[in-house]
Amino acid sequence: MSAVIDPPPAPAPKEEKTEAGNYFVSNYPPFSFWKPDQVALVHDRLATPAPADVPLGVYFHIPFCRKRCHFCYFKVYTDKNANEIRAYINAGMKEMAQYAAQPYINGRKAHFVYFGGGTPSYLSVPQLRELTNRMKDLVSWDGCAEVAFEAEPGTLSDTKLEGIREIGVTRLSLGVENFDDHILESNGRAHRSGEIDRAFTHARSLGFEHINIDLIAGMMNETEENWKTCIKKAIDLGPDAITIYQMEVPYNTTIYQRMKEEGKVTAPVADWPTKRRWVSEAFDEFEKAGYTVTSATTVVKDPERIKFVYRDELWDGADLLSCGVASFGHLGGIHYQNQADVAPYMEAVDAGKLPIFRAYQTNEEERFVREFVLKLKLGSFRPSYYEKKFGRRVMDIYSNQFQHLVTDGFIQIVGEDEVRLTREGLLQADRLCHEFFLPQHRQYARYT
Ligand code: SF4
């Protein structure tokens, strides 16, 4: 779920209690540097010819949910009726049609497609059918390597799952978060544990190529015992991949509102060392069950077969044509984000304009840093890769950071051409990413 509404910067975590803030790194340079005065550059890029060698991904954002989770910091709407949803889909397709007519996009095929939110599975089967038929008419999915779709278990009736399969989804991502009904309820989740089992079992029978479940370590009311049970239940379910996030409490969440009202600085969730230990214990158990840890947040059953095409190609610098309210895209080195509220978004589209709110033209150095920090989260890298692709010697550029990180036990230089994050480093990968930002973007770095 990837539409972030510019969270205010979090202070460097001085202590290990969970305070309000958002440390997760999903792009670079940080969103706060993207500006409305750069939007014209996106239009300029769209007028240039399509590149021959850059894969294109398509993202569509569905901002509707049944309920707002207490930890949610996305822009979501819980009160929209069928007519409003139809109007939103129409706007999204009008927006995509504008892109499809531009030289930079025209004639290109989607190499990966992603439906994020919000809750894409909130849409009915007829709405999904109509949406995807119109999308395919605008940008072909022929030869698409992955169609990923985020789903909330409680929305997944048998018919809905069959509809999702029928539109061509290959990777189904289930927002499980926890298996305990009390924890789900007290964190504001709409689904309950029974719905997870039912949805998963039917999804399996339909033959999705890749079923992923999301878990969150450290939700409100989480306990040692329940977390162990959660890990066991995830293993028993047997998804192809499991993503584990460490609970954050960004500023625009219900939890933070409550903290503010009560004058509290510490969030009512486990502290960072506990969350890291829980993720580490989960990694250990998943490894024993045959999974491989493939990044700071993922374990995968069969790494040869199970891929995250969207993530990997995006981090490699693919283009992303992104439509829908608050969505983020990337075209020819330019980041952009759409209007974050439905009203101005629809207004812009109705007026025949692209609903882009802000943008950022990256330079080559920023593209190098972006790829380096995002891929750091995979847990290891080869310096020769960056020398070949960007002509940059990371061991020299970052010698200061590496010295500190090795001393602190976060990184190991394994050989001539391999650097690995230790388990402790992997568990704090998002925080460590900030150490490699360019000086003008560094807000939370500790070592420099
Ligand atoms: S399901 Fe919950 S966390 Fe996900 S977008 Fe909706 S409200 Fe936010």
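**Overall fold, ligand shell and local backbone features**

Of the 448 residues in the protein chain, 44% are buried, a residue being called buried if 20 or more other C-beta atoms lie within 10 Å of its own, exposed if 12 or fewer do, and partly exposed in between, with C-beta atoms placed from the backbone. The model is a predicted one, in which local features need pLDDT of at least 70 and side-chain atom pairs count only at pLDDT 80 or more, while totals for chains, interfaces and linings use all residues. Residues are numbered from 1 along each chain as its sequence is written.

The protein chain contains 17 helices and 15 strands, where helices (H or I, at least four residues) and strands (E, at least two) are DSSP runs numbered from the N terminus. Its radius of gyration of 21 Å agrees with the value near 22 Å that a compact globule of 448 residues would have; this radius is taken over C-alpha atoms, and the globule rule is 2.2 Å times the number of residues to the power 0.38. Along the principal axes, the C-alpha atoms fill a box of roughly 55 × 50 × 50 Å.

An open sheet is formed by 3 strands in the order β13-β15-β14, with antiparallel pairing. Because β13 (380-381) and β14 (411-415) stand at the edges, each with a single partner strand, one side of each is left without a neighbour in the sheet. Two strands are taken to pair if DSSP finds at least two bridges between them, and β14 and β15 (residues 418-421) are joined by 4 bridges in the antiparallel sense. The bridge partner of Ile-413 in β15 is Val-419.

The ligand is surrounded by 12 residues, of which the closest are Cys-65, Arg-68, Cys-69, Cys-72 and Phe-74; a residue is included if its C-beta atom, placed from the backbone, lies within 6 Å. This shell divides into 6 nonpolar, 4 polar and 2 charged residues, with Ala, Val, Leu, Ile, Met, Phe, Trp, Tyr, Cys and Pro counted as nonpolar, Asp, Glu, Lys and Arg as charged, and the others, Gly among them, as polar.

Most residues other than glycine have a negative phi, and most peptide bonds are trans. The peptide bond from Tyr-28 to Pro-29, however, is cis, with omega near -10°, and Pro-29 is found in the segment before α1 (39-46). Asn-221, which is not a glycine, has a positive phi of about 75° and lies in the loop between β5 (210-217) and α7 (224-237); with 15 C-beta neighbours inside 10 Å, Asn-221 counts as partly exposed.
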